[in-house]
Amino acid sequence: MGQTQAADALALYRMMRLIRRTEEILIAEYHPANEMRCPMHFCVGQEAAPAALSLQLRPDDVIMSHYRSHGYYLAKGAPLDAMIAEFYGKATGSNGGLAGSMELAHHGFHFYSGAIVGGPLGLAVGSAFAQRYRRGGSGISVAVFGDGAMDEGVSYEALNLAALHRLPILFLCENNRYAAHTPAPARAASHDLIARAAAFGVAVRRMPDKNPLELAAAMNVIVADIREGRGPFLLEVETYRFCGHVGPESDDHLDYRPVAEVDAAKASDPLAAMLRLARAAGVADAALEEVDASCDEQVWSAIRAAKAAPFPRFQDLRGIEAANGYAPVVRELIDAAPTRFLGGQAETRLRPY
Amino acid sequence: MSKASAVELASTPRAGRATRLSFGAAVNAAQRQAMELDENVFVFGIGADGKAGIFGSTAGLKERFSARRVFDTPISEQSLTALAAGAANAGLRPVLVHQRFDFLLYSADQIANWIGPWRYISGGHATMPLTIRAIVGKGWGQGPQHSKSLHSWFAHLPGMQVVMPGSPADAKGLLLSSIFSNDPTLFIEGRSLYAMEEEVPDEPYFIRLGRALVRRPGKDVTLVAIGSLVPGGLEAAEQLAAERIEVEVVDLRTLVPLDLETVLASVGRTGRLVVADPGWRDFGAAAEVIASVCERVGPALKAAPQRVTWPHRYAPTSAPLEAGYYPTSADIVRACKSAVAGI
């Protein structure tokens, strides 16, 4: 048990540290170099949930994520090099340079994201439907979204459909209290997000992210239940965004959140907590230092590779822009009329109801 | 192209039996055969499993394939579309049915922001093989919220295919091709066509998306007819033949991909163009066809192109107004005569 705890702690610290350093280094590289030319939503401060999730996922699981997605991309095991190349708009990017940060995806790793708020909930219902439709598998789908997505109508449709069909889906709601710059009190009279989900028959739980080990342990039980067919689950993780909503700069000069609130959140940094927990679990300092060095090296190596990679060219996109053909069952396509239609028939007349 | 058209003109019933089916029954047969051919095909939508079976178009499918593959839904068009998208990305071939096109607008976000760009922004790695069936109401006071045909909206989106069959046998072959196409397809069915009948081959067959069909040869004027205006176009051509005006009727079959080659070849023969489009006039499909032809062969045209469309206003419910709202074969006859007269 102690060994498992230490291994989990090290894995959690490794993922959180990798996400944090990825974001910090990208933030530092963003300006004034201006080589990553796409809007980016960094997740500094919000690393615990993706890291905890990373311990639960298998290759056949699917993540449909919001746009603050870098941590979840890495949590799904997708390659850092392809992500950073994507930000640089390079052909070696996970989307061939066509998506940038906001619609970052890696099809091979079943990771997808997008900028239209609430979209991932519906799409995850679809992938979970497919996982259940194809009997025999135990894959699950994870919808990742923020509290802002709980303002969108499609989210409630998705919760309802997931419960109705008892789909294998984890709704992972990161509540960082702000939809971009709009605080929760400006958006709703009632703030009990899990009560809303529970009303649809979805199992729910709310947890802080200050103890990533506890978060991972809870997710482990939740995900096992989902895999066993016990239906959808909404986990609300109370978290906080240390960085600005979008871009590398802080946006706290806009005064949309209290300075004391920001300071308090940073003072209880989940990554610092994780470091303490790892030490307490018996992880050796040398192992932690190795993680730190390795994370930085991975990020810098990915940045070097991205800078050296070629840009995509319009002529290479033709195959992507054209229609993509048919399933193998279509062995022959006909151009002629199947029979001779001469018209001359009365239109369908609708009748009284 | 003219040679190919000559071949297409011949009635080519395929080997094997054919049965006289209504448009609605042909749509039903296409889904039934698609589900028999591929376990990945499933059909869903409001009322899809009901006795009425969405004007008969899905009747009996649940009994044949079980509720796992044919199911009713809540009135949640946006998430149903997302369900189709997520499932299609995972390799299934969903068929989502809207009894009325108008309700599809709730899913405009899914189509424009997710489904349309999906394969493109994935760098070509992902696919989105889904079909959305949308039925356009007409008559008995369907009014502004039960009779719209917004095919031009969705044809405007890169990445979406838009299919508009004009006959029962085309409905079957085009729907089978839509379901087994690897790209997202909006399949638009005119309710006014539903009871029309045609000999429909029994076996499954696949009509190429993006290839228009010359349904009737003619040397005087090209009539590009779309979807539910195909029968009216054929009727108009028949009438005009009695007046020695030979109309070449080109059934567009699909707006996207747009088969401009077949249209241009026909216009090259006739020098005149009329487009019959079952939708609003301004910024519509007819405008796109005419603009595309004019860009390429404008100076060679013998007369200004004409379009026959719905007037640019909402469908009225009052019976006499409604009767006057929709264009008929008489309107197509008039437009063709104008084109031939060079007016």
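In chain B, the axes of helix H9 (residues 230-242) and helix H13 (residues 329-341) come within 8 Å and cross at roughly 55°. H9(B) is therefore oblique to H13(B). The model is predicted.

**Helices H9 and H13 of chain B**

- The crossing in which H9(B) passes H13(B) is right-handed.
- On the H9(B) side, the contact is made by Gly232(B), Gly233(B), Glu235(B), Ala236(B), Gln239(B) and Leu240(B).
- H13(B) brings Ser329(B), Ile332(B), Val333(B), Cys336(B) and Lys337(B) to this contact.
- Sorted by class, the residues in the contact of H9(B) with H13(B) are 5 nonpolar, 4 polar and 2 charged.

**Helices H10 and H11 of chain B**

- Helix H10 (residues 260-270) and helix H11 (residues 285-297), both of chain B, have axes that come within 11 Å and cross at roughly 60°.
- H10(B) and H11(B) form a right-handed crossing.
- From H10(B), the residues Leu260(B), Val263(B), Leu264(B) and Val267(B) take part in the contact.
- They meet Val289(B), Ser292(B), Val293(B), Arg296(B) and Val297(B), which belong to H11(B).
- The contact of H10(B) with H11(B) has 7 nonpolar residues, with 1 polar and 1 charged besides.

**The largest pocket**

- The volume of the largest pocket is about 580 Å³.
- Its lining has 27 residues, and those closest to the pocket centre are Glu347(A), Arg349(A), Lys138(B), Tyr326(B) and Thr328(B).
- Two or more lining residues come from each of H9, helix H12 (319-325) and H13 of chain B.
- By class, the lining of the largest pocket has 12 nonpolar, 10 polar and 5 charged residues.

**Cavities**

- The model has 4 cavities of 30 Å³ or more.
- The largest cavity holds about 140 Å³ of space.
- Around the largest cavity are 16 lining residues, and Gly190(B), Ser192(B), Ser228(B), Pro278(B) and Trp310(B) lie nearest its centre.
- Strand E7 (residues 185-190) of chain B gives 3 residues to this lining, the largest share.
- The lining of the largest cavity divides into 8 nonpolar, 5 polar and 3 charged residues.

How values were computed
Residues numbered from 1 in each chain as written. Chains lettered and ligands numbered in written order. Predicted model: local features only at pLDDT ≥ 70, side-chain atom pairs only at ≥ 80, totals over all residues. Heavy atoms only, no water. Axes fitted to C-alpha atoms, helices over the stretch in contact; angles between N-to-C directions. Helix = DSSP H or I, 4+ residues; strand = E, 2+ residues; numbered from the N terminus. Parallel < 35°, antiparallel > 145°, perpendicular 65-115°, else oblique. Left-handed = near helix turned anticlockwise from the far one by under 90°. Contact = heavy atoms within 4.5 Å. Nonpolar A, V, L, I, M, F, W, Y, C, P; charged D, E, K, R; others polar. 1 Å grid on protein atoms, 1.4 Å probe; cavity = no way out; pocket = protein on both sides within 12 Å on 5 of 7 lines; lining within 4 Å. Points joined across faces, edges and corners; volume = space filled by probe spheres on them.
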